[in-house]
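Dear colleague,

I am passing on the structure we discussed, with notes on what a geometric look at it turned up. Please read the notes alongside the coordinates.

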Amino acid sequence: PYMLSRSPCGSSSGSGAGVAAALAAAAVGTETNGSIICPASLNGIVGFKPTVKLVSQERIVPISSTQDTAGPMTRTVTDAALMLRAMVDRPDAPDYAAELRTDALEGVRIGVLKSAVGSRGDVKALFEAALAVLKDAGATLVEIEDYKRPKNVGEDEFKLLKAEFKATLNAYLADTPTTNTVRSLADLIAFNESQPAARELALFGQEILKMCEKEPDLSHPDYISARDRVLKAARKDGIDRLLKAHDVQLLISPSRGPAFLIDAVYGDHLPGSIGAGWMAAIAGYPHLSVPMGLARGLPVGLSFMATAGQDAAVLAAGFAYEQRRPAIPAPKYLPAAHALPDVGAAMARPSPVPPAPSANATETR
């Protein structure tokens with residue numbers, strides 16, 4: 001809604017865009033790795049990915065039993081807390097909204113993930129302003145400079161996702177009504193290939209589906225090793241180590257950079273140098289994105305992350321920040337970046353008049 005030529009991000013793109021456009025007061029998002037946090041950040045709304053298994057995974061079209069979760073996508077942290085309580089099907093669940101306090105950051109030590117800030121000047125400026133708000137709210141900020149994403153963590157996660165996708169999707173489809181003839185991943189691949197190309201495969205192939213179909217079951221040592229390595233990297237050697245080593249309760253960074261262009265020719269390009277949400281996604285730990293401002297007319301979120309089960313504390317910290325930061329402008333449905341006055345003025349150039357073609361010219365392409 002902020003700029004119609006740019007992506008609302010996925011997978012919960014409709015939830016993010018719909019809430020930002022005020023088509024709904026709240027929406028459910030589902031995340032495996034960034035699919036709540038990215039559309040929340042890019043659409044200028046609040047998105048909360050709870051600790052995995054806090055919200056039931058039942059009836060979520062699955063990718064990964066290790067990482068999949070539903071979560072609230074709303075315009076305020078209060079609405080996210082109210083919605084989360086409704087989504088947690090457990091009588092002893094906390095009243096998350098009742099635990100929101102404006103002084104929730106007083107005396108809280110927060111780790112600032114400097115390596116996840118990226119190099120964009122506008123995002124850095126928004127983040128520095130957010131840090132000032134957090135300090136004003138009583139938080140103690142601890143800069144963390146010594147963390148780098150481990151090698152091979154992406155490869156191990158992809159192995160986990162491929163194996164779990166095949167296993168969990170097969171179980172999901174097998175449990176659908178008997179009128180559904182697509183009952184396995186193999187059936188799905190065959191169905192897509194049986195349809196006209198313009199219907200199912202106009203923009204995307206299904207190479208990843210075919211890769212998943214070749215994966216062994218979840219008892220295979222390669223899967224188990226990859227799962228154990230990637231969980232250790234995100235939990236023990238990731239979020240938990242950083243919290244303990246720096247004596248902090250929360251980790252923060254920008255959630256993502258500004259929204260990227262939709263490109264049906266080369267594919268959308270999502271710059272990956274901003275944010276550290278992969279850790280919370282793989283670990284299955286809580287992660288909240290709260291809007292912190294606009295960069296080139298596009299929203300950028302502030303991420304709060306913590307260890308497993310600290311959902312109420314993460315929401316409370318985000319609420320205390322939200323109550324103090326400047327208001328976020330509503331979307332204006334700009335057609336593209338040139339609709340911004342400064343960008344439009346910089347890009348304005350007289351159009352050269354092309355030479356008239358000669359009578360004997362032959363057009364080539």
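The residues that line the second largest pocket divide into 9 nonpolar, 9 polar and 4 charged, where Ala, Val, Leu, Ile, Met, Phe, Trp, Tyr, Cys and Pro count as nonpolar, Asp, Glu, Lys and Arg as charged, and the others, Gly among them, as polar. Before going further, please keep in mind that this is a predicted model, in which local features need pLDDT of at least 70 and side-chain atom pairs count only at pLDDT 80 or more, while totals for chains, interfaces and linings use all residues. Residues are numbered from 1 along each chain as its sequence is written, and side-chain values use heavy atoms, with hydrogens and water left out.

Pockets

A pocket here is an open set of points, on a 1 Å grid over the protein atoms alone, where a 1.4 Å probe fits and which has protein on both sides within 12 Å along at least five of seven lines; lining residues have an atom within 4 Å of a point. The second largest pocket holds about 370 Å³ of space, a volume being the space filled by probe spheres set on grid points that are joined across faces, edges and corners. Its lining has 22 residues, of which Gly 272, Gly 275, Ala 276, Gly 277 and Trp 278 are the closest to its centre. Two or more lining residues come from each of α2 (37-43) and α10 (277-283), and α10 gives the largest share, 3 residues; helices (H or I, at least four residues) and strands (E, at least two) are DSSP runs, numbered from the N terminus.

The largest pocket has a volume of about 1100 Å³ and is lined by 32 residues, with Ser 11, Ile 63, Phe 165, Ile 208 and Leu 209 nearest its centre. The elements that give two or more residues to this lining are β1 (26-31), α5 (153-174) and α8 (207-213), and by class the lining has 16 nonpolar, 10 polar and 6 charged residues.

The disulfide

A search of the whole structure finds 1 disulfide, defined as a pair of cysteine sulfur atoms within 2.5 Å. Cys 9 and Cys 38 form it, with their sulfur atoms 1.9 Å apart, and the torsion about the S-S bond is about 100 degrees, so the disulfide is right-handed. The pair links distant parts of the chain, Cys 9 lying in the segment before α1 (13-20) and Cys 38 in helix α2, 29 residues apart. Cys 38 is buried, with a relative accessible area of 1%, buried meaning under 20% (1.4 Å probe, protein chains only). The sulfur of Cys 212 lies 20 Å from the closest cysteine sulfur, in Cys 9, which is too far for a bond.

Arg 256

Arg 256 is found in the loop between β6 (250-254) and α10, and at 18% relative accessibility it counts as buried. Leaving out residues up to four places away in sequence, Arg 256 touches Gly 34, Cys 38, Ser 41, Leu 42, Leu 270, Ile 274 and Val 300, contact meaning heavy atoms within 4.5 Å.

Nonpolar core

Of the 51 residues in the largest nonpolar core, Leu 134, Phe 304, Leu 315 and Tyr 321 touch the most other members; such a core is a set of buried Ala, Val, Leu, Ile, Met, Phe, Trp, Tyr and Cys residues joined through side-chain atoms within 4.5 Å. The largest share of this core, 8 residues, comes from α11.

Best regards

Notes
Buried means under 20% relative accessible area, exposed over 50%, partly exposed in between (1.4 Å probe, protein chains only).
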